[in-house]
Amino acid sequence: PDARPAELVEIPEGLLELQGEMEELTVQSSQLQRVPEWLGDLTRLTKLELSSCGSAAGGRVKELPTSLSKLTALKSLSLRALIGLKSVPDVGTLRALKTLTVDNCSNLKELPASFGTLRALKRLELCRCTQLEKLPAFGPLRALKTLELRHCARLEKLPGSLCTLPALESLVVVGCRSLRELPSQLGNLK
């Protein structure tokens, strides 16, 4: 007999009954097929973590619903091992977002341009996003203190706007083997 625990194929729609109360949601399942559009109706969420547990089956989730933009109370968003994920929807409305972690989403090629408008963002971690080729302009990310880029093998350059981030205290770049140079104004950071 198979002793493995059962894993979610879909996020139960019954969670909608908790939409006025639920503040945190963590879904870890290597069998997850998709992230439903109604997830954006959980507008009290402050923390959302979606993970396929590192399984090769994590390729089932190809996209995230555009309704994520309705999660305006969200402070922490973590996307882990969603290896089939190719893009992230518009996140510019997530004004409360302080932490964004994207780890082992190996088919993700780019972040949306609206990413640069996340004024409350303090920590950004992009790890093992091996197809990620470029980052959008950082624009008004005035609160960003920590930027970690780890093993983003195809990342070729960092935007010059990185040099205009007044709160940046920690920049970690490891294993980004296509990165040939850093912005020339990087030495002007305070």
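Mentor: In this predicted model, strand 4, which spans residues 99–103, runs parallel to strand 5 and is joined to strand 5 by 5 bridges. Where these two strands pair, aspartate 103 stands opposite cysteine 127 of strand 5. On its other pairing, strand 5 is joined to strand 6, residues 146–150, again by 5 bridges and in the parallel sense, and here leucine 126 has leucine 149 of strand 6 as its bridge partner. Strand 5 itself covers residues 123–127 and is mostly covered, with 4 of its 5 residues buried.

From strand 5 the chain can be followed into the loop between strand 5 and strand 6, where cysteine 129 is found. Cysteine 129 counts as buried because its relative accessibility is 0%, a value that falls under the 20% cut-off for that word. Leaving aside residues up to four places away in sequence, cysteine 129 touches Val102, Cys105, Ser106, His151, Cys152 and Ala153. The C-alpha atoms of cysteine 129 and asparagine 104 are separated by 5.4 Å, although these residues are 25 apart along the chain.

One of the residues that cysteine 129 touches is His151, and histidine 151 deserves a look of its own. Histidine 151 is found in the loop between strand 6 and strand 7, the latter being residues 170–174. Most residues other than glycine have a negative phi. Histidine 151, which is not a glycine, has a positive phi near 55°. Histidine 151 counts as partly exposed because its relative accessibility is 41%, which lies between the cut-offs of 20% for buried and 50% for exposed. A positive phi is also found at alanine 81, again a residue that is not a glycine, with a value of about 55°. Alanine 81 lies in the loop between strand 3 and strand 4 and is buried, with a relative accessible area of 6%.

Coming back to strand 4, the next stretch to examine is the loop between strand 4 and strand 5, which holds leucine 108. With a relative accessibility of 0%, leucine 108 counts as buried. Not counting residues up to four places away in sequence, leucine 108 touches Leu85, Lys86, Ser87, Val88, Val102, Gln131 and Leu132.

Rolling a probe the size of a water molecule over the atoms shows where empty space is left. The structure holds 1 cavity of 30 Å³ or more, and the largest cavity has a volume of about 60 Å³. Leu77, Leu79, Val88, Val91, Leu100, Val102, Leu111, Pro112 and Phe115 line the largest cavity. At least two of the lining residues come from strand 3, residues 76–80, and at least two from strand 4. By class, this lining has 9 nonpolar residues, with no polar and no charged ones. Val88 and Val102, which are part of that lining, are also among the residues that leucine 108 touches.

Strand 1 and strand 2 pair in the parallel sense over 5 bridges, and the bridge partner of glutamine 28 is serine 51 in strand 2. Strand 1, residues 24–28, has a covered face made of Leu25 and Val27 and an uncovered one made of Glu24, Thr26 and Gln28. In the loop between strand 1 and strand 2 lies leucine 45, which counts as buried at 0% relative accessibility. Leucine 45 touches Met22, Glu23, Glu24, Leu25, Leu71, Ala73 and Leu74, if residues up to four places away in sequence are left out.

The loop between strand 2, residues 47–51, and strand 3 holds serine 67, and serine 67 is buried, with a relative accessible area of 6%. The side chain of serine 67 reaches the backbone nitrogen of glycine 40 at 3.3 Å. Apart from residues up to four places away in sequence, serine 67 touches Pro36, Glu37, Leu39 and Gly40.

Technical notes. Residues numbered from 1 in each chain as written. Predicted model: local features only at pLDDT ≥ 70, side-chain atom pairs only at ≥ 80, totals over all residues. Heavy atoms only, no water. Buried < 20%, exposed > 50% of the residue type's maximum accessible area, 1.4 Å probe, protein only. Pairing = 2+ DSSP bridges. 1 Å grid on protein atoms, 1.4 Å probe; cavity = no way out; pocket = protein on both sides within 12 Å on 5 of 7 lines; lining within 4 Å. Points joined across faces, edges and corners; volume = space filled by probe spheres on them. Nonpolar A, V, L, I, M, F, W, Y, C, P; charged D, E, K, R; others polar. Polar contact = N/O pair within 3.5 Å; in protein donor to acceptor, adjacent residues only side chain to side chain. Contact = heavy atoms within 4.5 Å.
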